[in-house]
Amino acid sequence: MRKLASPAVGRLEEVLKMLDDISLSLPRFRVYEETLPMTPGLESALLDVYTEMTCFCARTIKFFRSTPHRESPDLTHGTVLLTRPGFLLTSRWPEFNGDFKQTVRRLERLSQIVDGEAAAARLQTGVNKNTELLEAMEILAESNVHKDTLPCHCIPYQSNRHFFGREALLKKIRESLRQAEGTGLKSLVLHGLGGVGKTRLALQYANSSRAQFDAIFWIAADTIIKLRQSFLEVSRRLCLTLDDRDSQDAVVAVSKVKAWLDETRCRWLLVFDNVDDPEILSGVWPGDNSGSVLLTSRDSMVGFGSAASVCRVEPYDDDIGVSALLKLTGRDCEASSDQASATKIVQALGGLPLAINQISGFIVQQKIALEDFLPFYERNAAKINARKLPSGDYEHTLSNVWEFAVARLSESSSTLQKILAFFDPDQIHESVLLEGAKESNSQELDFLRAEMDACMLQGLIELDTNNVETALASFHVALRIREQLLDPDDAFIASSLNAISLAYTEQGDLRKAVEAGQKAIDIRLRTGSDRIGNSYSNMASTLLRLGKPDEAEQMLKRCPSLKNFTDETFLSTGNPRFSGDMMLLARIRQSQGRLDDALRLSSKALAFRQKLLGNRLKTCDSLYQVANLLQVSGNTELAIVLLEQSVSFAKSLEEAEGYFARAKFQLGRMYAALGQTDQGKDCMKAANQARRRVTKDLALSDVDSEDEFEKLVLWMLW
């Protein structure tokens, strides 16, 4: 008889539960195999899931085989006790448990792909009826296909041949970021004074670690714009952006790269350089997957506690600083006179590597002897002391050098230098200045000036982000200004009235919406405006919200561009500019009870928006609308696939929190209807948490009301 020690028994039970958890979807997949046509997409998706499950089982067997049990006899009771497995299993359990969590995340994603392919295969049986939906599904699938391109090392500069010392720091970085499978995220903050060499140290580590990491991504974190642009470049290098549309979308790139980091099994290093604002990391910090993160910052607390280790980078000591200065200036390292002069210079510069580097360049360029530089420097110390900042900041020792250089500029060059101060210095290519100098003879720079109505612009931004009351106030201010300055039938007044009508429609004050909208229509009719179709479409949406779908349809048909259009001509058009009107007509058809027509029209609009806009807010909304129609039609499984995709898009968009909450709410209902209670509860919890964030009311109680979640989004997103 054998008795397992209790720690081992507990771990084995956990493993059995793990295997049960990942096999829950197998019966559903068997039904797909037996009842659906085996399309190439479904076959590939099933194969990916089965491979993932099989590999995890193999890793489980390997784990237990590599964790031996030491047995010792219990002579008193005649049994054999396993005295060591508790220790062995406990010591290696985090590695295995981390592997399981990664496997679950991958299986969830792969299972959604299987469900989507199964739903698409099911649609094949009614291919003529479902042409538009199949087209939309195909476009969505193409937008999510990508390949790994490894190794992938996005490092801005190669190793610097003028890198000096720092061996102890490099050793500490290697030890802090060394990865073992399943050990979770490792992170380290390099902090210290500006100019102390944090970035150069991080570059040296990154370049020397190419063999240790399959992927290294350098993220410039000075500003949110530079950070997102860095993620965009990483996304391109990983082939996560497949077309010109996504290749310009930095917000989507952040989401895609984060998802890639969560799912990949490769060894990766993420470097955030110059993180001076801790808030900048809040939306980009990777999950708890196994990976390594290195940060450089002047603030040791920049990681919000996310970084497990901190390391202060100090200035050079005299020996390293003197050696660096002599080598950079090409001086004799053995000459005692140069040694003495270099020591004084290094001490005056506080041992800061950036200062030593730049002063060395200045000495070489100006051909100044080392013994002559310090007196020259000290003669200008008064300027520095007059605006002295905290001791040790390297700008104190460099500012006068820049003042000398700037003072020698011509008037036009000085003007250009001041303008360039507003640009990202890392992105100004030398050729811009060299070629521009050949063409410009003027000391003045001309700039294009364009008039902009600030109130209207602010109102449109507020309306797009569902701040309807603020938008309405801005529109009214703009209208009052325009009425004082312009002719009563001016096109800008009609534009203001049209915007006010839209805002009232969103607010639910439909009487005022009709009144303002009709005034806009009257002005545009009197003036023969080519924008009359826009007014008709807006009025149609107001009539639909009034519960008058037939009148809304007739109003929509008055649009000159839609003259003689039918549902079929809508569906056959190749012009994506009709996508907004398609969504409106789809909702009219839904209100009329013509669900099949509504589904075809909304699917066509979804396909247009995915092609034209990518993973943006309107596509997110279209996914929800199509999913809603599918659920009403009884195709809950496919509705869930589209809603999950809508959630994925919304998570990557700062302005889409309300859309995220609404989609999560519907997912909660659908999962519950399918008997997946736990998933349903999780979705409902996430939906209500997002609702509190959107309303900025953390005291709100949980609700199970579709109307409450619809209030978080625009009624009609054009």
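Cysteine 620 counts as buried, because its relative accessibility is 1%. Cysteine 57, at 33% relative accessibility, counts as partly exposed. In this predicted model, the number of disulfides is 0. For cysteine 57, the closest cysteine sulfur belongs to cysteine 55 and lies 9.3 Å away, which is too far for a bond, since a disulfide requires the two sulfur atoms to be within 2.5 Å.

Aromatic contacts come next. The structure contains 5 aromatic pairs. One of them joins phenylalanine 29 and tyrosine 32, and it is tilted because the ring planes meet at 35° with the centres 6.1 Å apart. Both residues belong to helix α2 (residues 26-35), where they are 3 residues apart, about one turn of the helix. Phenylalanine 29 is buried at 0% relative accessibility, and tyrosine 32 is buried at 5%.

Phenylalanine 217 and tryptophan 260 form an edge-to-face pair, because their planes stand at 65°, with ring centres 5.8 Å apart. This pair links distant parts of the chain, 43 residues apart: phenylalanine 217 is in strand β6 (residues 215-220) and tryptophan 260 in helix α9 (residues 250-263). Phenylalanine 217 has a relative accessible area of 0% and is buried; tryptophan 260, with 4%, is buried too. Elsewhere, Phe231, Phe272 and Trp285 are linked into a cluster by ring pairs.

| Arginine | Ring | Distance to ring centre |
|---|---|---|
| Arginine 587 | Tryptophan 715 | 4.6 Å |
| Arginine 662 | Tyrosine 624 | 3.7 Å |

Arginine 587 lies over the face of tryptophan 715, while arginine 662 has its charged end over the ring of tyrosine 624.

Note on methods
Residues are numbered from 1 along each chain as its sequence is written. This is a predicted model: local features need pLDDT of at least 70, side-chain atom pairs count only at pLDDT 80 or more; totals for chains, interfaces and linings use all residues. Side-chain values use heavy atoms; hydrogens and water are left out. Buried means under 20% relative accessible area, exposed over 50%, partly exposed in between (1.4 Å probe, protein chains only). Rings of Phe, Tyr and Trp (its six-membered ring) pair if their centres lie within 6.5 Å; planes under 30 degrees apart count as stacked, over 60 as edge-to-face and the rest as tilted. Helices (H or I, at least four residues) and strands (E, at least two) are DSSP runs, numbered from the N terminus. A charge sits over a ring if NZ of Lys or CZ of Arg is within 6 Å of the ring centre and within 35 degrees of the ring normal.
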